[in-house]
Amino acid sequence: MGPPNLRHISGNTYIIPAPVIMGLYVRDNRAVLIDSGNDKEAGRQVLRILNEQGWTLELIINTHSNADHIGGNQFLQKRTNCRIAATRLEAAFIQDPVLEPAFLYGGFPFRDLQNKFLMAKPSTVTDIIPSSGDVLETGLEAHPIPGHFFEMIGISTPDGVLFLADCLFPESIISKYHIFYLYDLRAHFQTLDAVSAMHADWYIPSHAKPTQDINRLLDINRDKINEILETVEDCCRALSFDEILAKLCERYSIDLNAEQYVLVGSTLKSYLSFLRNEGRVECLYGQGRLLWKALR
Ligand SMILES: [Zn+2]
């Protein structure tokens with residue numbers, strides 16, 4: 001039996017179920033890590049496990065660039081000199097993490113936004129990888145699952161394990177927080193369809209329990225997004241972004257702070273963009289404001 005923080009899934013595939021699940025794929029005592037967790041502490045935990053097992057870290061594959069998935073990168077790269085692989089757009093955020101709070105806020109991020117939850121420590125991406133196909137010489141395969149973030153990827157291992165990053169959130173998070181971060185709803189809906197057509201023995205979303213049946217989780221996620229779309233559409237009564245945000249926070253009992261403001265706010269903008277592109281709302285400009293108005 002391994003140490004309590006390492007869980008065997010199948011064949012050469014393991015997970016470290018820290019707050020954000022990390023994956024490990026090990027061949028000949030050489031390990032590939034899938035995401036690096038929240039912060040330096042997560043990195044430290046990974047290194048301890050690797051040392052206990054006598055494994056060397058060769059490569060980190062980052063599924064996407066959110067701070068809670070790349071937080072251990074810098075620590076691990078400094079200690080082990082490992083390579084880091086990511087898709088091109090995600091690599092930009094990994095190497096220059098100020099892009100995350102700057103993007104979420106839509107301008108220079110004020111100091112409350114420059115914290116470890118939104119801005120990881122920088123690390124060097126040594127390998128830009130395509131979002132589909134074989135990942136370097138690892139035996140792992142990348143699958144495009146954009147939507148939650150720009151060029152997010154899933155990773156499958158030859159052991160029938162599919163790491164799904166943040167394309168699905170568990171029921172517990174959805175029923176508590178309702179609104180989870182989304183960048184591109186159209187891409188996300190396509191991703192959910194694509195995932196339902198993928199076959200694996202184990203599905204591992206980063207924030208949910210590993211599961212052998214993904215269909216229920218897909219339905220829960222899809223239904224919630226459609227519910228929020230209707231809620232946002234109902235709020236569009238020639239109101240400004242801030243007024244719609246206030247209604248949404250009231251509807252879902254969301255308490256704002258700096259992080260929630262940019263995360264929920266940015267997600268709301270993505271919902272509004274989707275509704276606009278679907279022809280369900282229009283934009284009215286006047287008196288120094290942009291007002292969103294439903295068309296039905
Ligand atoms: Zn994420």
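Two strands are taken as paired if DSSP finds at least two bridges between them. Helices (H or I, at least four residues) and strands (E, at least two) are DSSP runs, numbered from the N terminus. The model is predicted: local features need pLDDT of at least 70, side-chain atom pairs count only at pLDDT 80 or more, and totals for chains, interfaces and linings use all residues. Residues are numbered from 1 along each chain as its sequence is written.

An open sheet of 5 strands runs in the order E8-E9-E10-E11-E12. Its pairing is mixed. Strands E8 (133-134) and E12 (202-205) form the edges, each pairing on one side only. Strand E9 (residues 141-144) runs antiparallel to E10 (residues 153-157), and 4 bridges join them. Pro144 stands opposite Ile153 in E10.

Helix H8 (residues 215-235) packs against helix H10 (residues 258-277) at an angle of about 80 degrees. Their axes, 10 Å apart, are lines fitted to C-alpha atoms over the stretch in contact, with angles running from 0 to 180 degrees between N-to-C directions. H8 and H10 are therefore roughly perpendicular (65 to 115 degrees). H8 contributes Ile228, Leu229, Val232 and Glu233 to the contact, and H10 contributes Leu268, Tyr271, Leu272 and Leu275. Residues are in contact if their C-beta atoms, placed from the backbone, lie within 7 Å.

In helix H3 (residues 73-80), the buried residues (20 or more other C-beta atoms within 10 Å of their own) are Asn73, Gln74, Phe75, Leu76 and Gln77. Their cover includes helices H1 (40-53), H2 (67-70) and H4 (88-95) and strands E5 (56-61) and E6 (83-86). Asn81 follows H3 and has a positive phi, near 60 degrees.

Terms used:
Parallel < 35°, antiparallel > 145°, perpendicular 65-115°, else oblique. Contact = placed C-beta atoms within 7 Å. Buried ≥ 20, exposed ≤ 12 C-beta atoms within 10 Å, placed from the backbone.
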